[in-house]
Amino acid sequence: MDNPLSKTFLFSDFDGTLVSIRKDPAKVALTSQAHKTLALLARKIPIGIISGRSLVFLQKTIAIPEMILAGNHGLEIDMGRQRFRHPQAVSCQKEIQQLARGLKKKFPGIDGVFIEEKGLTLTFHYRLVPPGKREAICKAFHDYLKTVLKEDILKVRGGKMALEVLPNIDWGKEDAIRWILERYKNRFPDRKVVPIYIGDDETDRAALALIQKIGISIFIGDAATTTIKATFFLPYQTQVIALLRQFQLEIDYIQEA
Ligand SMILES: [Mg+2]
């Protein structure tokens with residue numbers, strides 16, 4: 001176990017990184033190759049999936065017992081016996097639920113709008129809205145929020161064809177990574193780890209920046225057209241699984257040698 005590869009602590013985003021982005025976000029699933037590769041890797045090295053999806057969604061969709069999962073951009077974490085839910089986010093949960101109900105009433109049956117309720121956050125998807133109508137739909141969303149949100153306890157963030165409403169607190173994927181690494185180091189004080197983070201969009205920026213300082217960061221996208229900094233760039237999502245597969249074979253090889 002003294003090969004540097006064996007010291008890897010792999011962190012990864014989910015949508016757009018381990019799975020390609022689908023038109024219908026509810027239909028996203030790991031391919032069998034991706035699931036197999038991750039399951040084999042998770043027996044050899046610690047892996048944490050840090051996603052904007054809810055923790056429940058990740059538990060159901062990934063279903064690999066060894067995996068550490070962080071949902072809602074790190075606001076909730078399942079690390080086996082150690083669990084975390086950000087207390088301030090929990091206290092905003094009622095507002096999120098109310099808002100989800102309100103949005104469903106405000107945008108009933110509008111083709112292409114999908115409101116994903118994620119417990120501590122919600123996502124307003126408009127990928128399936130015809131391109132000519134997207135701007136108006138987003139404006140209607142922002143206008144509606146202005147009328148119903150009286151205080152600054154929630155914030156809105158743009159994603160890939162989606163708008164997300166989150167508790168207005170300073171806690172992101174990078175904080176979840178710190179939380180996980182701290183607990184891992186407490187449990188295994190003698191183990192050295194080299195963290196890797198793979199992500200594909202703006203919501204991964206801070207996590208990639210953190211990992212670049214202490215390990216290896218990999219961004220899925222074109223280095224020439226993004227301001228996001230990373231150690232390595234992979235142009236296509238499909239290359240991630242190929243990379244992890246290669247990685248898994250190397251680790252098997254090292255451990256058998
Ligand atoms: Mg992503």
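This is a predicted model: local features need pLDDT of at least 70, side-chain atom pairs count only at pLDDT 80 or more; totals for chains, interfaces and linings use all residues.
Good morning. A residue is called buried if 20 or more other C-beta atoms lie within 10 Å of its own, and exposed if 12 or fewer do.

Helix 4 covers residues 93-106. At 1.5 Å a residue, its 14 residues should span 20 Å, and the end C-alpha atoms are 20 Å apart, so the two values agree. Which residues of this helix are buried? They are I96, L99, A100 and L103. These residues cover an arc of only 105° around the axis, and therefore sit on the same side of helix 4. An α-helix has 3.6 residues a turn, so residues three or four places apart point the same way. The buried residues of helix 4 are covered by elements including strand 6, strand 7, helix 5 and strand 9. On the face turned away from the buried side we find the exposed residues K94, Q98, R101 and K105.

Let us turn to M161. This residue lies in the loop that runs between strand 8 and strand 9. M161 has 16 other C-beta atoms within 10 Å, which means that it is partly exposed. Setting aside neighbours within four places in sequence, M161 is in contact with H125, Y126 and R127.

Finally, I come to a pair of helices. The axes of helix 1 and helix 8 come within 9 Å and cross at roughly 35°, and the crossing is left-handed. Helix 1 contributes Q33, A34, T37, L38, L40 and L41 to the contact, while helix 8 contributes I241, L244, R245, F247 and Q248. By class, this contact has 7 nonpolar, 3 polar and 1 charged residues. Thank you.

Definitions and conventions
Residues are numbered from 1 along each chain as its sequence is written. Helices (H or I, at least four residues) and strands (E, at least two) are DSSP runs, numbered from the N terminus. Two residues are in contact if their C-beta atoms, placed from the backbone, lie within 7 Å. Axes are lines fitted to C-alpha atoms, for helices over the stretch in contact, and angles run from 0 to 180 degrees between N-to-C directions. A crossing is left-handed if the near helix is turned anticlockwise from the far one by less than a right angle, and right-handed if clockwise. Ala, Val, Leu, Ile, Met, Phe, Trp, Tyr, Cys and Pro count as nonpolar, Asp, Glu, Lys and Arg as charged, and the others, Gly among them, as polar. The expected span of a helix is 1.5 Å times one less than its number of residues. The arc is that of the directions from the helix axis to the C-beta atoms.
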